[in-house]
Amino acid sequence: MKNTFIQTNGEYVTIGNIMVKVDSPLNTDYFKQFMRRENQLMQILNSGLPNATDQFVEGAWLLIEDYPDEANGYQDIMMAIERYEHTGASAKARALADKMIASSAPEKYKLWSKGFLNRLDSLGKSMALQFTAADGRKVDSSQMRGKVVLVDFWATCCGSCVAELPRVKAAWEKYQAQGLEVIGISCDTAKSDLEEYVKRHEIFWPQYFDGKQQNDNKFTVEFGIGGIPHMFLVDKKGVLRFDNVRANDKFYPKSGATSFEEKISNLLAEPTNF
């Protein structure tokens with residue numbers, strides 16, 4: 001049988017989807033075997049089998065055991081935690097996050113797992129964000145009581161984020177007079193990129209910026225957000241009502257199919273007497 005995972009033309013070796021020089025340090029039996037294991041895990045995860053995520057988790061822990069100095073295994077566990085969450089298996093997601101925290105994982109993965117649990121525990125509870133925006137504005141969402149607040153975790157280099165932004169802007173323009181506020185949490189690393197983009201596209205809501213990418217951004221770590229775009233909807237009482245909102249209609253939570261605009265409209269229609 002032809003080995004399609006590892007191929008060479010004499011000058012380059014293709015290992016999975018990585019191409020390296022024949023004499024590259026990556027062209028070693030260690031790296032080839034590691035990448036073959038990682039490739040097998042991704043095939044399991046995407047197999048569509050009912051227990052695919054469970055098998056993926058089991059394989060990820062074995063990968064960590066055999067290759068403790070490689071980050072992929074821990075990243076796979078993060079991926080599985082989110083897969084459990086998105087498929088409604090919150091108990092498994094919590095248990096796996098707890099196991100990550102108790103493991104010998106590098107601290108950043110433990111911090112992310114703690115943030116993930118914080119996000120799950122924040123749903124249905126009051127939450128607030130305070131920061132100085134990139135343009136110098138002081139932002140304190142606790143002072144926005146009586147308003148519906150959309151928190152958008154995004155980056156100018158994120159294609160999906162940029163694709164959904166026009167709909168976010170349209171909602172802001174439509175509902176601002178009724179009490180909608182938008183807060184951007186930028187995961188850009190270059191402030192100039194953010195400033196140029198929001199100016200060119202006339203995005204007027206405040207943007208948090210700390211120059212750190214998604215995995216290290218203060219607020220993505222605080223709430224254990226592994227992928228962007230990711231949005232919160234906070235109601236007039238300052239309570240986090242909807243997590244992982246998307247402006248693209250094909251991304252509906254397991255619990256229902258209420259559209260992006262309907263969620264906002266329904267929250268705006270709620271009474272303000274509290």
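Predicted model: local features only at pLDDT ≥ 70, side-chain atom pairs only at ≥ 80, totals over all residues.
Q: Which helix gives the most to the lining of the second largest pocket?
A: The lining of this pocket comprises 14 residues. Gln75, Met78, Met79, Glu82 and Gly226 are the lining residues nearest the centre of the pocket. With six residues, the greatest contribution to the lining comes from α3.

Q: Which residue forms a salt bridge with Asp243?
A: The structure holds twelve salt bridges. In the one formed by Asp243, the closest N and O atoms are 2.6 Å apart. The partner of Asp243 is Arg119.

Q: How far apart in sequence are the parts that the pair Asp243 and Arg119 ties together?
A: Asp243 belongs to strand β10 (residues 240–245), whereas Arg119 belongs to helix α5. Both residues are buried. A network of salt bridges links Asp243 and Arg119 with Glu85. Because Asp243 and Arg119 lie in that strand and that helix, the parts they tie together are separated in sequence by 124 residues.

Q: Are Glu164 and Arg246 buried or exposed?
A: A salt bridge joins the side chains of Glu164 and Arg246, at 2.6 Å from N to O. This pair links distant parts of the chain, 82 residues apart, with Glu164 in helix α6 (residues 159–175) and Arg246 in the loop between β10 and α9 (260–268). The term buried applies under 20% relative accessible area. Glu164 and Arg246 are each buried.

Q: Why does Glu202 count as partly exposed?
A: Glu202 lies in the loop between α7 (191–200) and β8 (207–208). Its C-alpha atom is separated by 9.1 Å from that of Lys169, which is 33 residues away along the chain. A residue is buried under 20% relative accessible area, exposed over 50%, and partly exposed in between. Glu202 counts as partly exposed because its relative accessibility is 47%.

Q: What is the relative accessible area of Arg137?
A: The side chain of Arg137 meets that of Asp135 in a salt bridge, at 2.8 Å from N to O. Arg137 is partly exposed, and its relative accessible area is 35%.

How values were computed:
Residues numbered from 1 in each chain as written. Heavy atoms only, no water. 1 Å grid on protein atoms, 1.4 Å probe; cavity = no way out; pocket = protein on both sides within 12 Å on 5 of 7 lines; lining within 4 Å. Helix = DSSP H or I, 4+ residues; strand = E, 2+ residues; numbered from the N terminus. Buried < 20%, exposed > 50% of the residue type's maximum accessible area, 1.4 Å probe, protein only. Salt bridge = Lys/Arg side-chain N within 4 Å of Asp/Glu carboxyl O.
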